[in-house]
Amino acid sequence: MFRFISSLLLSLFLIAGLNAQIVIKELGNYKISASDLSYLDNSSMREKTLLNGAWKVYDAEDSENKVTVNIPSVFIGERNLVFEKTISIDKNLSAESNYFLHFLGISYSADIYLNDILIHKHPGGEFAFNVVLPRDVLSSKTKSVIKVVVDGNYNSDRTIPSKQAFLYPVQSKGIFRDVYLSRAGLSFIASHNEKVTFSNGYQRANLNLQLAVNNGNYKKDSLGIRSSNFRVRVKLTAPFRDSASISSESGIDVQPGKEQQVNIPLDLTRPMLWTPITPYSYILTIQLYSGEKLIDEVSKNFSLYELKAAQDGLYLNGSQFKLNGVTLIPTNDDKGSMMNYTGMLSDLKMIKELGFNAVRFEKNIPHPYYIHLCEQLGLIPFVELPLISLPEGLLSNNRYTEYVNNYITLFMRSYQNSSVIGGFGLGSGYLGKSQIHSSFLSSAAAIMKKHTNSLLYASFADTGFDEIAGIDLYGIESFNQSFDKALNSYNSITSKIGKGRVIFSQAGYVIDLTTEGNSSLQSPEMQAKFFEELIDHSETNQTAGFFLSTMFDYRASYNSVISGYRGDNLIVSGIIGEDRTANRPAYKVIDSKLHNKEKVTISLGFRSDDSPMVFIIFGFVLAVIVGLLINSGKKFREDATRALLRPYNFFSDIRDLRIISGIQTTILGVLTAGLKALILSSIFYYLRFSPELEKVLLSFGSYKLIGFISYITWNPVSGLFILTGLLFLSYIALTVMIKIFAFFVTNKVSWTNAYFSVLWSTIPYLLLLPLGIVLYRLLSLDSFNLYLYLFLLVFLAVGLNRLIMGVHVIYDVARGKVYLYSALVLALIITGVLLWFQSAHSSLDYILQAVKEIRTGA
């Protein structure tokens, strides 16, 4: 709990905001053609026009200064940007066609205009979507202007993910994926969704295709009749069986201006089932006819398989199956998840070649091309909502839950045409003991089930819960933990829910590349040992499987404390580094285990002392200066003794302006500030791998704060001097405050009175100097840390009591009044600051969530 209290108090006065200058980054040498988008719904009847390339970009509040930028691109900054492109469409074609504007990824939200008319508001989310361009707006001009106003900023209670998302990858603000235009006829296939059931021991597949046909043709034929009769034909082709196919068709009546749904069954005997070893894919073609004329067509790859969770295990196509998976967080240096197609293919090939059979796209919404590649390579993709450690207070807000429900619907629609996705996730960091979290998961799962038959899963930060309606798989989060602790969590859940419904959804380590062997729990060798033990357990026990975290290092949205301060926001948790060089012990161990190769020996060695020498040197320098100060004269020794043993009398001397050296007083203040800095630095360095500290800091919604703490934690030399300066400045701030409140008392209080009272009230802290020198070593023992924290809190209270006593004496006011008003002022300041942060960043909700996770030991 001291971790939480110390982080909270320090955070309150270190936060500062700064709007970054807008910087735009492009994807160099990125060239594709419309034919490269054939992995999406393909059609011989729909023309695609790629809109990548040059767009005009400008600040939403400054339309005069425009620059040309190539799309896809990302921008860094807090302002809203406008992306503008002029397109040419034949008037005759626009009158005879429907045009759709497709975005494969925008972050975060966007208002889309056509010829200055708002036609769509994208509420947020990086998933693909499309917009129908109104024919009446298009037909009025030969050239039309598309304008996209992008708001790329995350916040605390109106975006998914929130700004406080733990270790969330760097955001790709802007139009960071492909944009294209497609043209269909006046009557077209508006949507299609396929659900498959199996019978006769998977010897028969029963497809139910749910189609929607839109009739936008108001024209009359030669007899003056508007066409409303259509025929839909569905064909399933097996390219791996000499293009053998089966088909079915159905008539449908759709009145002009209406949209009508139709269900078409399709039965297949002895289907070739998709598996990671044999990734067979059919080609599903849907055709729309008006009379004998083909007027629309869509086709796509279609995989037949079923992944089910049972009490005793996972089953793939009726056979028991284990997930040997890894999490993938795609980032391309500081460009976020904006990657070219070659890079995506290369990453997934490395995953497949290492022996994995599944990929969990953690903390990101994957590019549709990733899903296509998984289908081709034989990897089961798990796609999830970027919901991370949602506070209960936020889920009690009806406006927020309505937003989430709408987001889920749009998210599921964006992936509903993919048949290979093995599971959809509801996010991570849930507390199973929370009734609010359980209720939310049940209602969210019900929405998802309307769109898919795939497994639904969620990841949990605790273990003491029962089955939740709608959840098929339960994920255990093991982060920076020993395998023994992770195994205890696993056994706790499986005893109630069953081994077949529990997976290690996030099993990983943030590692320190400067350490090796057993010298640190965060060394690459310890990461490898953790993965080895986890894979061994999965192989020798009846488990559903695991997802190791993560495949590659990645860039985060902020400078993480637990991953070390580097200035590039790199999270070093990968089996392979950001440069894709496969030389870490974890890679060699996993390769050996998943391919049944010769055992890899992990060199652990012995645990060494990782205490920074700067703490000892700094402490001894303080001790030497204290010794010199004490021996500088008899007067100072007498003053120090009176201040320590008879504080009331000493503060009376200050009030009465007795002779006290200002230079020595200032040196005393610097010494106590340095000692406090030494204690804080030791605690921060001890907690440098603590997710608890980072989650508390994240609660305030300030990446500047976390970056500052990360810097002073991982650079203790600079940190000691910075903290010393800040703490001494806090003495000056207290002096000013005492002087201001002196206007409300009758006794005259000078600046000297206030300054001396503040600095001499800190003299008891010098007694902590021996403890400060060895504090980090004592904390590293992990034997009596609670008592150390309590002891430091007692000294904090003693120092505060001394300060209030000094104010009482120099004000010459009754002690009770001073204590009362001091408590009121302190309470008002803390309450005011917390309420502001709650209003601006929902900080109290996130702090409470962090505390609950700390209590569970997450």
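Me: By the rule for salt bridges, what does the count come to in this chain?

Reply: Side chains of opposite charge can pair when their charged atoms come close. A salt bridge is taken here as a side-chain nitrogen of Lys or Arg within 4 Å of a carboxyl oxygen of Asp or Glu, and by this rule the count comes to 34 salt bridges. The model is a predicted one, in which local features need pLDDT of at least 70 and side-chain atom pairs count only at pLDDT 80 or more, while totals for chains, interfaces and linings use all residues. Residues are numbered from 1 along each chain as its sequence is written, and side-chain values use heavy atoms, with hydrogens and water left out.

Me: Are Glu47 and Glu532 buried or exposed, or something in between?

Reply: Buried means under 20% relative accessible area, exposed means over 50%, and partly exposed lies in between (1.4 Å probe, protein chains only). Glu47 counts as partly exposed at 41% relative accessibility, and Arg183 is also partly exposed, with a relative accessible area of 21%. Glu532, by contrast, is buried at 11%, whereas Lys599 counts as exposed at 56% relative accessibility.

Me: How is the salt bridge between Lys599 and Glu532 placed in the chain?

Reply: The closest N and O atoms of Lys599 and Glu532 are 2.9 Å apart. Lys599 sits in the loop between helix H11 (585-594) and helix H12 (613-630), and Glu532 in helix H10 (residues 524-540), so that the pair links distant parts of the chain, 67 residues apart.

Me: Which helices hold Asp653 and Arg642?

Reply: The side chains of Asp653 and Arg642 meet in a salt bridge with N to O at 2.4 Å. Asp653 lies in helix H14 (residues 647-655) and Arg642 in helix H13 (residues 634-645), 11 residues apart, and Asp653 is buried, with a relative accessible area of 12%.

Me: Which residues do salt bridges with shared partners join into one network?

Reply: Asp59, Glu61 and Arg79 are joined into one network in this way.

Notes. Helices (H or I, at least four residues) and strands (E, at least two) are DSSP runs, numbered from the N terminus.
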